Amino acid sequence: MSQPQHRDHAGATLGMWLFLFTELILFGGLFLLYAVYLARYPHEFSVGGKELNVVFGAGNTIVLLTSSLLAAMAVTAVQRGQQRATAILLGGTIFCALLFLGIKYVEWSAKIGHNIYPGSIRLRTGPPGESVFFSLYYLTTGLHGLHVLIGGTLLAFVTVRVQQGKIDSTNYSWLENGALYWHLVDLIWIFIFPLYYLIL
Amino acid sequence: MSLPDNSRTDISSFWNDTGKTGIAAWIFSTDHKRIGLLYFYSVLGFFLTAVGLGLLLRIELMAPGRTIMGPQTYNALFTVHGVIMIFLFIIPGFPGAFGNLIMPLQIGARDVAFPRLNLFSWWLYMIGAAIILTALFTGSGPPDTGWTFYVPFSSRTGTNVSLAVFGVFIVGFSSILTGVNFVTTIHRLRAEGMTWRRLPLFVWSLYATAWVQILATPILGITLVLVIAERALGTGLFDPGRGGDPLMFQHLFWIYSHPAVYIMILPAMGVISEIIPVFSRKPVFGYKMIAFSSLAIAAAGSLVWGHHMYTSGMSDTAILVFSFLTFVVAIPSAIKVFNWVATLYKGSISLEAPMIFALSFILLFSIGGLTGLILGAAATDIHVHDTQFVVGHFHYTIFGGSGFAFFGAMHYWLPKFYGRKYAEKPALIAWGLMFVGFNITYFSMMVLGMKGMPRRYYDYLPEFAPLNLASTIGSWLLAAGLLLLMVNLFRGLFRGEPFTGNPWGGATLEWSTTTPPPTENFEEEPVVTHGPYDFKGTGIP
Amino acid sequence: MTRDQEPHIVSFAKLTAVWLTLLALTGLTVWVSRLDLGVNRVWGALAIAMLKSGLVIAFFMHMKYEGRLLRWLLFVALLTLAIFIGFTFFDVLYR
């Protein structure tokens, strides 16, 4: 069906936010389990939390906050009609996404090297609460990492369209929604960081 | 799918839109009407398949001991029957088929807010369905866990659970996208003058449903991911031996799956709220309360998941709280029933097929709802928990309720899109057969449950035999009626009497455009000046 | 229907100020976690996380400049999540 150009910017924003709600609640299920098991195994969670490296966690927090800033600035830039700046800022965001995943890789490798992964001998024979803690840790950060990957890919796609001139100051719903998605990824990490790395 | 033989060429209808040809004109179309029909035929296909499986289950239970299949086959069949009926028929059924067909027309829009996303969600649905079907025929046998996928069994059984669960995950994603699309559409694309207080009640019910789809489905998503992780990675989150808690699976599962029954029933209630005023020639009684009760059911229905877990070992405090809240849901449900009955009062009632289905909905849903209170009260639930009583109750609400409303909607709205109509008399005979067969089938189950026959059991004690036989015979009547209904309806849609203009005399916007509607829905953008049930103001006799 | 109103452009300076605040709060949350607060550490960390996410939502995600509708919807979504988690504790706390 040939449709005349019909752009409903507010509608696109509303739709994106509704989708973000579903993402929040998807992670919410894991936070629910975290809350329940923290209440049951405070001591084991404390021991498990101390195994995690605060430097990696804090480093990744800074990386993600910065990427979020760059994404927000990209939206401002496109609104002002600064196409080149938009593309550069988005490139910065994507760079941060890769950096985040790199740090995550190092961190996971170290953990797995210490024989800590779901179903490992150490966790099978250790206290039950620790196995629960690390399973949740891997699932939550894994799912979050997957979202970083998806968000990064989405923003790369957006960057290409900015360079092609298909996204500009009159039509930037894709960029705005991509940035919203990216902020959500940041938002979830804001909770993951203290809950897993710091709290105990 | 062939075009209906429309002799009228003067009106351009969405059937004649020739952007693409052949099957591509359908499976790549972003027209909400075509997507609605795609959904309709897909869900109908799955429905009929699962009906076949249900009939086989009933034949197996006709007599004690082995009748036609072994126990493992039986376990697989009731699992597949449930998975298909729930995830592939009734959850996508109303929003996907009739929501897509009707909602944009009723609010005076040209299409939904995100037409391409709409098409994408149908594709996701079909991909998920294909994965589920693949799971039945590959790996180490079809899943045998029941549609609820309860741990610890689902994390240990050797059958092909992971793939089936992944398919359900994809279908859930499709459901989320439909919800996002509908909420945005209803907020953004209402025609001029279509205020919230003039919104047809079917649209109100879809709005409430879409919110449940958005807010509850992600929990199902994460739960299914956890089951897969449990099986593939050995995360042990639900394994008591490793510190996990199997009850947490039940909590997560029902946080979605209880609201999900409102995804199944709310739009059905919306359909009834459309049909009853039209066939009573009377404005609906208590419009505001019916609209409000849709939202209230969606909200209260999200707080009661624990009533599936009274016998699971959940805390007594939780049992009390969830039991109380369950009774709260009865209030908005009853508000609807009372308002429908009040609409009938002193109406000029015409008993055509859609109305007959709507009226039987009220009766069957009331039985289903009231038996639900027996299950919702913690004390009485202990006696009938996990018995055939639950099976009977569930089929009264979802088959007698949503299913009959679905048939009503088929008779009420499909002629609008085909420009041809079914024959009235066979439709009424079909309804009669189904109604009688339905009650024999499922009332027997409720009595059996009261007497203590557990559900999902392959074999039973001899004293349960007579009622099981009755239930099976009832299922044959039900199937015969269903067959007649389908033959009559589709014969009529393709070859029946012409159906043009507004024969039912509906005052909602879908009846103000030509029949079948044009691709653009309306020749010119409608301006709404009357309420959806203001028959006098709209000039309908 | 086109855009309802002119978009609000958030200046680079304001975004940077928010970013600096977020970094400061990250530092604060690490510092608080070192204090001996017992159970309150959980609530303290959560409070700071909520403050941080509030800033991200309000400025980076432009919620401060959106209409009332979106704010209400966000509230409903968060309330729903809170209820899902909270009601589960009727079971977990009293089992």
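**First stop: a helix pair in chain B**

Select helix α11 (residues 353-376) of chain B together with helix α13 (residues 388-418) of chain B; their axes come within 8 Å and cross at roughly 160°. Here an axis is a line fitted to C-alpha atoms, for helices over the stretch in contact, and angles run from 0 to 180 degrees between N-to-C directions. Helices (H or I, at least four residues) and strands (E, at least two) are DSSP runs, numbered from the N terminus. α11(B) and α13(B) are therefore roughly antiparallel to each other; angles under 35 degrees count as roughly parallel, over 145 as roughly antiparallel, 65 to 115 as roughly perpendicular and the rest as oblique. The contact of α11(B) with α13(B) comprises 15 nonpolar, eleven polar and no charged residues. In these classes, Ala, Val, Leu, Ile, Met, Phe, Trp, Tyr, Cys and Pro are nonpolar, Asp, Glu, Lys and Arg are charged, and the others, Gly among them, are polar.

The model is a predicted one, in which local features need pLDDT of at least 70 and side-chain atom pairs count only at pLDDT 80 or more, while totals for chains, interfaces and linings use all residues. Residues are numbered from 1 along each chain as its sequence is written, and chains are lettered from A and ligands numbered from 1 in the order in which they are written.

**Second stop: another partner of α11(B)**

To display the contact, select A353(B), I356(B), F357(B), S360(B) and T371(B) on α11(B), and E424(B), A427(B), L428(B), W431(B), F435(B) and M446(B) on α14(B). Two residues are in contact if their C-beta atoms, placed from the backbone, lie within 7 Å. By class, the contact of α11(B) with α14(B) holds eight nonpolar residues, two polar and one charged.

Now select Y422(B), in the loop between β1 (420-421) and α14 of chain B. Is Y422(B) buried or exposed? It counts as buried, with 25 C-beta neighbours inside 10 Å. A residue is buried if 20 or more other C-beta atoms lie within 10 Å of its own, exposed if 12 or fewer, and partly exposed in between; C-beta atoms are placed from the backbone. Leaving aside neighbours within four places in sequence, Y422(B) is in contact with H411(B), A427(B), N488(B), L489(B), G492(B), L493(B) and G496(B). For G492(B), the C-alpha to C-alpha distance to Y422(B) is 3.7 Å, although the two are 70 residues apart in sequence.

Most residues other than glycine have a negative phi, and most peptide bonds are trans. The following selections depart from this.

- D386(B), in the loop between α12 (378-384) and α13 of chain B, has a positive phi of about 55°. D386(B) is partly exposed, with 14 other C-beta atoms within 10 Å.
- N521(B), in the segment after β2 of chain B, has a positive phi of about 75°. N521(B) counts as buried, with 23 C-beta neighbours inside 10 Å.
- V151(B) and P152(B) are joined by a cis peptide bond with omega near 0°. P152(B) is placed in the loop between α4 (115-137) and α5 (153-156) of chain B.
- T515(B) and P516(B) are joined by a cis peptide bond with omega of about -10°. P516(B) is in the segment after β2 (497-498) of chain B.

Display chains A and B together: 27 residues of chain A are in contact with 33 residues of chain B. On the chain A side, α1 (9-40) and α6 (128-163) each supply at least two residues. The largest share, 14 residues, comes from α1(A).

**Last stop: chain C**

Finally, select chain C, which has three helices and zero strands. Its radius of gyration is 18 Å, whereas a compact globule of 95 residues would have one near 12 Å; the radius is taken over C-alpha atoms, and the globule rule is 2.2 Å times the number of residues to the power 0.38.
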